[in-house]
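Okay, everyone, thanks for coming. Let me put the protein up on the screen, and then I'll walk you through it.

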Amino acid sequence: MTVRVLRAAKRPTTAWLNGGGVTREVASAPAGAAPGDFDWRVSLADVGRGGPFSVFPGVDRVITLVEGAGMALTVAGGAHVLDHPYHPFAFPGDADTGCRLLGGPVVDLNVMTRRGRATATVGIVRSGRPPSGDGTDTAAVRDAPAGTAPSAGTAPSAGTELSAGAVRLLVCLAGAATLESAGITLGRFDAVLLEEGGPDLLRVDGVTAVVTFGPAG
């Protein structure tokens with residue numbers, strides 16, 4: 001198994017041109033690809049104020065609220081309220097999208113895939129609960145019921161099996177997570193990229209996003 005540990009403390013920040021927030025890229029493929037050339041890209045964003053989203057032609061997005069009161073999005077004229085953390089929401093990156101903050105700054109996890117090159121599913125694993133179901137590049141399953149980050153001392157999960165063969169990015173969103181075979185422990189916003197590996201066991205004491213990438217169908 002190829003394992004890359006991506007610590008949050010070493011992650012650079014990029015300020016938005018409109019001054020509304022900053023982005024911290026977690027990982028992308030190909031590594032070091034320019035903004036218009038990636039197959040997939042995962043980032044965390046601090047959103048300080050509302051406004052229009054950047055348009056990404058030919059790209060599908062999945063956005064997950066991590067911290068804050070939430071956002072009211074307008075995607076191609078349709079209203080979508082993201083006011084519960086850890087509920088992935090999928091939408092086309094080339095749609096006209098506006099954002100209104102519901103109560104101050106937020107942090108979100110953003111997954112982007114280029115149509116024709118890659119697909120992604122976003123699952124949420126919480127302490128003591130199985131991951132949410134599978135989705136596709138433009139449809140992420142919503143974890144239910146709504147919840148928040150567990151308090152300190154919540155018992156870790158018995159373990160979530162990660163099957164062999166897939167390329168996965170694990171991003172710890174709250175608490176801690178441990179990848180059993182490698183003995184790697186992730187803190188808040190740390191991540192690990194798994195490639196060409198066998199099955200593994202993920203233990204979560206908090207909340208972790210499991211992003212699974214595949215070829216375009």
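So, β7 and strand β10, residues 97-101, pair in the antiparallel sense over five bridges. When I say two strands pair, I mean DSSP finds at least two bridges between them. Strands here are DSSP runs of E with at least two residues, helices are runs of H or I with at least four, and the numbering goes from the N terminus. Across that pairing, L73 stands opposite C99 in β10.

A quick word on what you're seeing: this is a predicted model, where local features need pLDDT of at least 70 and side-chain atom pairs count only at pLDDT 80 or more, while totals for chains, interfaces and linings use all residues. Residues are numbered from 1 along each chain as its sequence is written, and side-chain values use heavy atoms, with hydrogens and water left out.

Back to β7. There's also antiparallel pairing with strand β8, residues 78-82, again over five bridges, and there M71 stands opposite L82. The two make a hairpin with two residues between them, and A76 in the turn has a positive phi of about 50 degrees. Four of the five residues of β7, which covers 71-75, are buried, so this strand is largely enclosed by the rest of the structure. Buried means under 20% relative accessible area, exposed is over 50%, and partly exposed is in between, using a 1.4 Å probe and protein chains only.

Now, which strands make up the open sheet of six? The order is β2-β3-β4-β11-β6-β9, with antiparallel pairing. At the edges sit β2 (14-15) and β9 (89-92), each pairing on one side only. Inside it, eight bridges join β4 to β11, and W40 stands opposite T113 in β11.

W40 turns up again in the largest nonpolar core: of its 29 residues, V26, W40, V42, V111, L169 and F213 touch the most other members. By nonpolar core I mean buried Ala, Val, Leu, Ile, Met, Phe, Trp, Tyr and Cys residues joined through side-chain atoms within 4.5 Å. Apart from that one lies another core, of 15 residues, including F53, V75, L82 and L101.

Zooming out, the whole protein has zero helices and 17 strands. Of its 217 residues, 47% count as buried.

That's my tour, so over to you.
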